[in-house]
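Here is a short briefing on one protein chain. Keep the sequence and the 3D view open as you read.

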Amino acid sequence: MKKYGFVRVGASVPKLVVADCLYNRQEIVQEMKKAEQEEVGILTFPELSLTGYTCGDLFFQRNLLTDVLEQLKVILAASEKLRVITILGIPLSIDNQLFNCALVIQNGKILGAVPKTYIPNYNEFYEQRWFSSSLDLTRKEVELLGQMVPIGTDLIFRDKEYSEISFGIEICEDLWSVLPPSQDLALNGAHLLFNLSSSNELIGKYQYRRNLVSNQSSKLISGYIYTSSGVFESSSDVVFSGHALIAENGAILTESKRFQFDSEMLIADIDFFKLHTLRLKDISYMGIHPSKSCREIVVDVLDSSTLRRDFERFPFVPHDLAKRTERCHEIFQIQACGLAKRLHHIHTEKTVIGISGGLDSTLAFLVIVEAYKKLGLSTKNIVAITMPGFGTTKRTLDNALKLMKAYDVEVREISIVEASLLHMKDIGHDPKVYDVAYENIQARERTQILMDVANEVGGIVVGTGDLSELALGWCTYNKFKHTVHV
């Protein structure tokens, strides 16, 4: 699917035992293997997922930090046969400091390490008791299990084949800060952003967190993959729910069930071609230059053989009746206000519209009526013309006449049959050949009538075409169709 612009990502909330790295490693490896089977290219786990987030002063214990490295070694060995890129949360001791880090691993190698920048130390959080900020980091590489590993918040991982598959990482509180690291990562080209989090539950925090992820993905025109610690963390001070989200440019593609007592994995396909195109179109996107440059690490992202994504049959029509009503009202008001402003600006009270008895012209007609209400104008200034032709039925003609009379407008009925036949005779066209000329002769005859009447009354023609017609290639009086002989 990569060649079509899709990359598969995953967010896992595994079962966990606080400070039991062996148990946690087993769950992590099991989730990695599951992700591989599901053809996930990039998988992320929660913050400090190898130890648990709520270890407290156990983070100072040498045994725990030693066990982290021992179990990491086993995870690396297990990953040698896997292509899925895994983002794992662990504590790392570097230069007399302890850092809350995300490790990126694949095929037995540690590709990079990203430390947390903003360390919360308010309300129920005491992280500064144990961890230092990335701002206190003194090096750009660290030796880990015999490998030299790039470390820093300036790392972007980019696919060797498709450069648009590029991702960066931030950790929990980083997203909640005034200037999240993801901002610089996105400005430096990261289309995907992963967040390893441990966000506890408070009343109302769930919706706030959801909005935060959605808004960040929209603001940065990115895919945002967020996963947080689950219910197996310690509940001495707080409770965690295992909230995970995958968002794309403001839309939530998938979301976890919270408060689950088993491992859970979210999977979604991100449209990275779309994200790249949207950034190109938004010329103000790079209006703020990144505050720092980033180092790029080339990776090989696993491709998927199928598309795992739902597409709405009617993407612009909300399912919920109340939301649909609100959406329609908004569309209607946008159209009416636009027309009202135009009439006010050109100092005319006259409009001319063709009424066919169909949906498109009915909507345009009602928009005119609404605009007249806003301007306090009489509907008698609306010249509504129905122009029956070769295909006009009695039903549509009756509908058109009833609609116009219901709103007390000036009604005109002008047949185009004779004029169209005369024109066909003039150009030597057989009326029995239903080709593009046959169709356009009628459409242009109607347009000519409307424009001439508008000149006559000193008004403007209000068109009845819409975006749905354009999407179908139906452009009123300049459409193109294949020739049909009868």
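Helices (H or I, at least four residues) and strands (E, at least two) are DSSP runs, numbered from the N terminus. By that rule, His345 is found in helix 7. The model is predicted: local features need pLDDT of at least 70, side-chain atom pairs count only at pLDDT 80 or more, and totals for chains, interfaces and linings use all residues. Residues are numbered from 1 along each chain as its sequence is written, and side-chain values use heavy atoms, with hydrogens and water left out.

**The sheet**

- Strands of a sheet pair through backbone hydrogen bonds, either parallel or antiparallel.
- Here, two strands pair if DSSP finds at least two bridges between them.
- Six strands make an open sheet in the order 5-4-3-2-1-14, and the pairing is mixed.
- Strand 5 and strand 14 (264-271) are the edges. Each has a single partner strand, so one side of each lacks a neighbour in the sheet.
- From one strand to the next, the twist averages 30°.
- Strand 4 (residues 97-106) and strand 5 run antiparallel and are joined by six bridges.
- Find Cys101: opposite this residue stands Pro115 in strand 5.

**Helices on the sheet**

- Contact means heavy atoms within 4.5 Å.
- Axes are lines fitted to C-alpha atoms, for helices over the stretch in contact, and angles run from 0 to 180 degrees between N-to-C directions.
- Helix 1 packs on the sheet and touches strand 1, strand 2, strand 3 (85-94), strand 4 and strand 14. The direction of helix 1 makes about 40° with that of strand 14.
- Helix 2 (residues 62-79) lies across strand 3, strand 4 and strand 5. Helix 2 runs at about 155° to strand 3.

**Salt bridges**

- A salt bridge is a side-chain nitrogen of Lys or Arg within 4 Å of a carboxyl oxygen of Asp or Glu.
- How many salt bridges does this rule give? The count comes to 23.
- Buried means under 20% relative accessible area, exposed means over 50%, and partly exposed is in between (1.4 Å probe, protein chains only).
- Glu39 and Arg8 form a salt bridge, with their closest N and O atoms 3.9 Å apart. This pair links distant parts of the chain, 31 residues apart. Glu39 sits in the loop between helix 1 (21-37) and strand 2 (42-44), and Arg8 in strand 1 (residues 6-13).
- Is Arg8 buried or exposed? Arg8 is buried, at 3% relative accessibility, while Glu39 is partly exposed at 21%.
- Arg8, Glu39 and Asp269 are linked in a network of salt bridges.
- Asp154 meets Lys140 in a salt bridge of 3.6 Å, N to O. Asp154 is in the loop between strand 7 (147-150) and strand 8 (155-159), and Lys140 in the loop between strand 5 (109-115) and strand 6 (141-144), so the pair ties together parts 14 residues apart in sequence. Asp154 is buried at 8%, but Lys140 is exposed at 53%.
- Asp300 and Lys160 form a salt bridge at 3.7 Å, N to O. Asp300 lies in the loop between strand 15 (295-299) and helix 7 (321-346), and Lys160 in the loop between strand 8 and strand 9 (166-171), so the pair ties together parts 140 residues apart in sequence. Asp300 is partly exposed at 26%, and Lys160 is exposed at 59%.

**Back to His345**

- His345 is partly exposed, with 48% relative accessibility.
- His345 and Ala102 are 243 residues apart along the chain, and their C-alpha atoms are separated by 59 Å.
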